[in-house]
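Here is a short report for someone meeting this structure for the first time. Look at the sequence and the model, then read on.

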Amino acid sequence: MRIDIVTIFPEFFDVLDISLLGKARQAGIIDLGVHNLRDATTDRHRTVDDTPYGGGAGMVMKPEPWGEILDGILASDSEPDAVEGDGPLVIFPSPAGDVFTQAMARELSNEEHLVFGCGRYEGIDQRVFDHTATRARVRLVSLGDYVLNGGEVAVMAMIEAIGRLIPGVVGNPHSLVEESHEDGLLEAPSYTKPASWRGLEVPPILLSGNHGAIAAWRREQQLERTRRVRPDLLQP
Ligand SMILES: Nc1cc(-c2ccc3cc[nH]c3c2)n[nH]1
């Protein structure tokens, strides 16, 4: 998978050099490009924002730098040897977007080329979304019903959730199955040695060696925890 990120804070994504995603990049499983939006400006002050038409507080991100930088990123997909597919998907984090879920992460992990546009200030000129949609698939995605200062944190979370689902990134793919939200339920509680700790015991069933009974107990724990914490996940 090719991932491109557009941001005014490129250093924010230095962390993608380490851990699992760093290893995936070294292995060539993920190819990452981080682009500084200011490199697409033409004025001495490298201006990326301006006052909003119609008035209002704050500043809006200008369309020109976005158009320039996306020209360069999206052009690479029109090269003759570009792998067949649906072309790049351009994702803009936004409080007004579809809420990001594990199902969406799994869907997006099958994409060949993801482009993430990180807004700042009060957001990006609407024409950037409209024009980009004439030459690529565009999705606005929300991380949840709370307001961030920009798209970078949301993009980092999405890249982690998507990247770990790409074959070869996580060492033991079986570990991806027994996780919260993977089967629509929250995961069962986990325990490891010692069997007794500060007067707290590991549930005896987990020490029984009866794998069928253990699986049934874990399933019941998942259902009980989901009913208690996230009953919305059980709605049809
Ligand atoms: N789920 C969620 C996304 C955002 C978000 C995304 C982009 C920008 C740009 C400026 N402020 C932003 C906030 N907040 N909350």
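## Terms and model

A residue counts as buried under 20% relative accessible area, as exposed over 50%, and as partly exposed in between (1.4 Å probe, protein chains only). By that scale Tyr121, at 33% relative accessibility, is partly exposed.

This is a predicted model: local features need pLDDT of at least 70, side-chain atom pairs count only at pLDDT 80 or more, and totals for chains, interfaces and linings use all residues. Residues are numbered from 1 along each chain as its sequence is written, and side-chain values use heavy atoms, with hydrogens and water left out.

## Overall layout

The protein chain has six helices and nine strands. Helices (H or I, at least four residues) and strands (E, at least two) are DSSP runs, numbered from the N terminus. The C-alpha trace spans about 70 × 45 × 35 Å along its principal axes. Of the 236 residues, 37% count as buried.

The chain is divided into domain 1 (2-173) and domain 2 (186-233). These bounds come from an automatic or database domain assignment. The centres of the two domains, taken over C-alpha atoms, are 38 Å apart.

## Contacts, surface and charge

Contact means heavy atoms within 4.5 Å. Take the contacts with a separation of 6 or more: 74% of them join residues 24 or more positions apart.

The accessible surface of the protein chain comes to about 13900 Å², and 54% of that belongs to carbon and sulfur atoms. Areas come from the Shrake-Rupley method with a 1.4 Å probe; for residues, only the protein chains shown count as cover. The chain has 22 positive and 36 negative charges, and their mean positions are 7 Å apart. Lys and Arg count as positive, Asp and Glu as negative; His and the chain ends are not counted. Each charge is placed at NZ of Lys, CZ of Arg, CG of Asp or CD of Glu.

## Nonpolar cores

In soluble globular proteins, nonpolar side chains tend to be buried together. A nonpolar core here is a set of buried Ala, Val, Leu, Ile, Met, Phe, Trp, Tyr and Cys residues joined through side-chain atoms within 4.5 Å. The largest has 31 residues, and Ile5, Phe100, Phe116 and Ile162 have the most contacts inside it. At least two residues each come from β1 (2-7), α1 (19-26), β5 (89-99), α3 (102-108), β6 (113-117) and α5 (152-163). The largest share, seven residues, is from α5. Apart from this core lies another, of 18 residues, including Leu37, Trp66, Leu74 and Val115.

Which residues does Phe116 touch, not counting those up to four places away in sequence? They are Ile3, Asp4, Ile5, Val6, Ile91, Val155, Met158, Ile159 and Ile162.

## Phe92

Phe92 is found in strand β5. Its relative accessible area is 1%, so Phe92 is buried. Beyond four places in sequence, the contacts of Phe92 include Trp66, Leu70, Gly117, Ile124 and Val141. Val115 is 23 residues away along the chain from Phe92, and their C-alpha atoms are separated by 8.5 Å.

## Backbone exceptions

Most residues other than glycine have a negative phi, and most peptide bonds are trans. Ser19, in helix α1, has a positive phi of about 55°. Tyr121 also has a positive phi, near 55°. Tyr121 sits in the loop between β6 and α4 (126-132).

The peptide bond from Lys193 to Pro194 is cis, with omega near 10°. Pro194 lies in the loop between α5 and β8 (196-197).
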